[in-house]
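Open the model in your viewer and keep the selection tool at hand.

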Amino acid sequence: MSAFMQTLVWGIFAGAIYGIAAMGLALVFGVLKILNIAHGELVMLGGYVGFWAFTALGWDPFLALIVVIPAIFILGIILDRIVYRNLNRLIGEDKIKNSLLVSFGLGLVLTNLAQWLFTGDERSVQPSYAGQGLNVYGVLMPYTRLATLGIVLVVTVALHFFLRKTYPGKAILATAEDYESAELAGININRVYMLTFALSAALAAIAGQFVTFTYALAPSIGMYWTLKAMIVIVLAGTGSVLGALPAGILLGVVEAMSGAYLSQTYKEVVGLVIFLLVLILRPQGLFVRK
């Protein structure tokens with residue numbers, strides 16, 4: 001029983017990172033209606049900023065978030081102004097196709113830039129308390145994983161409050177619903193698009209910082225995290241930003257259980273099977289009403 005619970009806990013911890021990574025992609029897709037294939041590269045860059053803060057400045061990896069989040073938030077503003085701004089007025093298939101091409105090229109640029117700056121070696125962050133944790137009836141809960149889950153929950157609640165209770169958040173929701181009506185109502189949709197993309201980048205940066213002490217950090221991880229985020233938003237439903245967290249936890253638990261009781265070889269396959277079943281049986285997603 002303890003082995004089952006341990007596997008379940010590991011799946012929840014992994015799924016929390018999947019969820020926070022997918023929230024940013026879901027936000028951009030829901031509001032800007034573009035598919036940002038370079039989202040995983042933003043996760044990767046957030047990890048490298050956190051790695052730099054840990055190695056060069058000696059900061060705790062969680063404290064480093066005060067540098068990681070603003071740095072990638074500003075990068076998101078720059079990318080929106082330079083790269084994605086011209087896509088905003090496109091509609092339908094043209095917008096999707098052009099965003100795929102542009103973001104794919106951007107992903108290659110960011111990957112090569114990271115490889116030039118940091119080399120292709122795998123890196124990780126190991127704080128002094130990395131091996132410590134709680135032992136609850138034989139189930140190990142490392143402090144780093146507990147803190148990660150706690151921060152993800154806080155960020156999710158804060159994002160919900162921001163979108164529902166503040167004027168910029170309501171403007172984002174209105175633009176996602178109907179950008180033409182929002183513009184007629186006086187909302188500056190270009191500013192909303194810029195803020196949305198910057199928030200998406202900041203969420204990716206948070207996930208990237210957690211990757212530094214949970215997984216290996218390398219310039220090549222971008223596509224892996226983009227694919228994970230895409231699977232999660234399909235499970236949650238493409239219009240469900242906050243549904244990304246439970247969908248991410250579901251994916252993490254499924255992968256952990258399949259890896260423990262089937263084989264590590266089939267862990268990724270089982271997640272993709274769930275992905276295909278949801279597409280076939282409930283294409284609107286698990287957390288979106290018809």
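Two strands pair if DSSP finds at least two bridges between them. Keep that in mind at the first stop, and remember that this model is predicted.

**Stop one: the hairpin**

Select residues 133–136, strand β1, and residues 139–142, strand β2. The two strands run antiparallel and pair over four bridges. Now pick out partners. L134 bridges to M141 in β2. G133 sits opposite P142 of β2. Then move to the turn. Two residues lie between the strands of this hairpin. Click Y137: its phi is positive, near 55°.

**Stop two: a helix crossing**

Select α6, residues 167–177, and α8, residues 189–211. Their axes come within 10 Å and cross at roughly 105°. Angles of 65 to 115 degrees count as roughly perpendicular, so α6 and α8 are roughly perpendicular to each other. Show side chains next. On α6, the contact uses P168, A171, I172 and T175. On α8, the contact uses I189, V192, Y193, L195, T196 and L199. What classes of residue make up this contact of α6 with α8? Eight are nonpolar, two are polar and none is charged.

Go to the second largest pocket, which holds about 320 Å³ of space. Select A14, Y18, Y215, A256 and K267; of the 17 lining residues, these are the closest to the pocket centre. Colour three helices as well: α1 (2–31), α10 (244–261) and α11 (267–281) each give two or more residues to the lining. Finish by colouring the lining of this pocket by class: seven residues are nonpolar, six polar and four charged.

Conventions:
Residues are numbered from 1 along each chain as its sequence is written. This is a predicted model: local features need pLDDT of at least 70, side-chain atom pairs count only at pLDDT 80 or more; totals for chains, interfaces and linings use all residues. Side-chain values use heavy atoms; hydrogens and water are left out. On a 1 Å grid over the protein atoms alone, a cavity is a set of points where a 1.4 Å probe fits but cannot get out, and a pocket is an open set with protein on both sides within 12 Å along at least five of seven lines; lining residues have an atom within 4 Å of a point. Grid points are joined across faces, edges and corners, and a volume is the space filled by probe spheres set on the points. Ala, Val, Leu, Ile, Met, Phe, Trp, Tyr, Cys and Pro count as nonpolar, Asp, Glu, Lys and Arg as charged, and the others, Gly among them, as polar. Axes are lines fitted to C-alpha atoms, for helices over the stretch in contact, and angles run from 0 to 180 degrees between N-to-C directions. Angles under 35 degrees count as roughly parallel, over 145 as roughly antiparallel, 65 to 115 as roughly perpendicular and the rest as oblique. Contact means heavy atoms within 4.5 Å.
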